[in-house]
Amino acid sequence: MKELILGGARSGKSRHAEQRAGLSGLEVVYVATAAAGDAEMAARIGGHRARRPKSWLTVEEPLALAASLEENAGPGRFVLVDCLTLWLSNLLAEGEEVFRRERQALLRVLPALSGPVCLVSNEVGQGIVPVNPLARRFVDEAGWLHQDLASLCDRVVWVAAGLPQVLKGAP
């Protein structure tokens, strides 16, 4: 099963995904897309690491997500990707060619993966339209990516205030 979990910052989406992974009874592979570019981000990453069980395999992959999924997904494994919006930021910073190639690779490989894959992402399109052109592009690209992934996923969940709401698929 492919699952997309969306929510705002500090909505509980990562905790919900981690709970699903832990309850799966499978070996868990946690694909982390963040890069610690400053002390605040390093602290956020540290918080995520501290709450994950030591038995989970962590793969740090800021760009080549599709290749990492192909390498790590499989029967008996639950792959959790956290988070797509950080990955999207990384891609946009790398330039148009890398962005297009890696985005298409994810959409191409996702349906063919075996075993459960859970994708976590921030919903960023509910606020005002940003004045900065790059910020507007980011909001647009995140929205389009979420739509494309939601169409490919078996289950889509919205998390607000720690409460998951199933938008698509079985509860």
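Predicted model: local features only at pLDDT ≥ 70, side-chain atom pairs only at ≥ 80, totals over all residues.
Q: What about Cys 83, where is its nearest cysteine sulfur?
A: The nearest one belongs to Cys 118 and is 12 Å away. Cys 83 is in no disulfide.

Q: Is Cys 83 buried or exposed?
A: Buried, with a relative accessibility of 4%.

Q: And Cys 118, which cysteine sulfur is closest to that one?
A: That of Cys 153, at 8.7 Å. The distance is too far for a bond, because a disulfide needs the two sulfur atoms within 2.5 Å. Cys 118 counts as buried too, at 0% relative accessibility.

Q: OK, switching to the fold. What order do the strands of the sheet have?
A: The order is β3-β2-β4-β5-β1-β6-β7. It is an open sheet of seven strands with mixed pairing.

Q: Which strands stand at the edges?
A: β3 and β7. Each has a single partner strand, so one side of each is left without a neighbour in the sheet.

Q: How are neighbouring strands turned against each other?
A: By 20° on average, ignoring direction.

Q: Which helices pack on the sheet?
A: Helix α3, residues 65-72, is one of them; it touches β2, β3, β4 and β5. The direction of α3 makes about 165° with that of β4. Helix α6, residues 133-152, also packs on the sheet, touching β1, β5, β6 and β7. For α6, the angle with the direction of β1 is about 145°.

Q: Let's zoom in on β6. Does it run parallel or antiparallel to β1?
A: Parallel. Five bridges join β1, residues 2-7, to β6, residues 155-160. Leu 6 stands opposite Trp 158 of β6.

Q: And in which sense do β6 and β7 pair?
A: Antiparallel, over five bridges. β7 covers residues 163-168.

Q: Which residues of β7 are bridge partners of Val 157 and Val 159?
A: Val 157 has Val 166 as its partner. Val 159 has Pro 164.

Q: What sits between β6 and β7?
A: Two residues, which makes the pair a hairpin. Ala 161, in the turn, has a positive phi of about 55°.

Q: Now charges. How many salt bridges does a search of the whole structure find?
A: Twelve. One of them joins Glu 3 and Arg 155, with the closest N and O atoms 2.4 Å apart.

Q: What does that pair tie together?
A: Glu 3 lies in β1 and Arg 155 in β6, so the pair ties together parts that are 152 residues apart in sequence.

Q: Are those two buried or exposed?
A: Glu 3 is buried, at 3% relative accessibility. Arg 155 is buried as well, at 5%.

Q: Which residue does Arg 77 meet in a salt bridge?
A: Glu 27, at 3.1 Å from N to O. Arg 77 is in β4 and Glu 27 in β2, 50 residues apart. Glu 27 is partly exposed, with a relative accessible area of 40%.

Q: And what is the partner of Glu 60?
A: Arg 49; the closest N and O atoms are 2.7 Å apart. Glu 60 lies in β3 and Arg 49 in helix α2, so parts eleven residues apart in sequence are tied together. Arg 49 counts as partly exposed, at 42%.

Q: Which residues do salt bridges with shared partners join into one network?
A: Glu 96, Arg 100, Arg 137 and Glu 141.

Methods:
Residues numbered from 1 in each chain as written. Heavy atoms only, no water. Pairing = 2+ DSSP bridges. Helix = DSSP H or I, 4+ residues; strand = E, 2+ residues; numbered from the N terminus. Salt bridge = Lys/Arg side-chain N within 4 Å of Asp/Glu carboxyl O. Buried < 20%, exposed > 50% of the residue type's maximum accessible area, 1.4 Å probe, protein only. Axes fitted to C-alpha atoms, helices over the stretch in contact; angles between N-to-C directions. Contact = heavy atoms within 4.5 Å.
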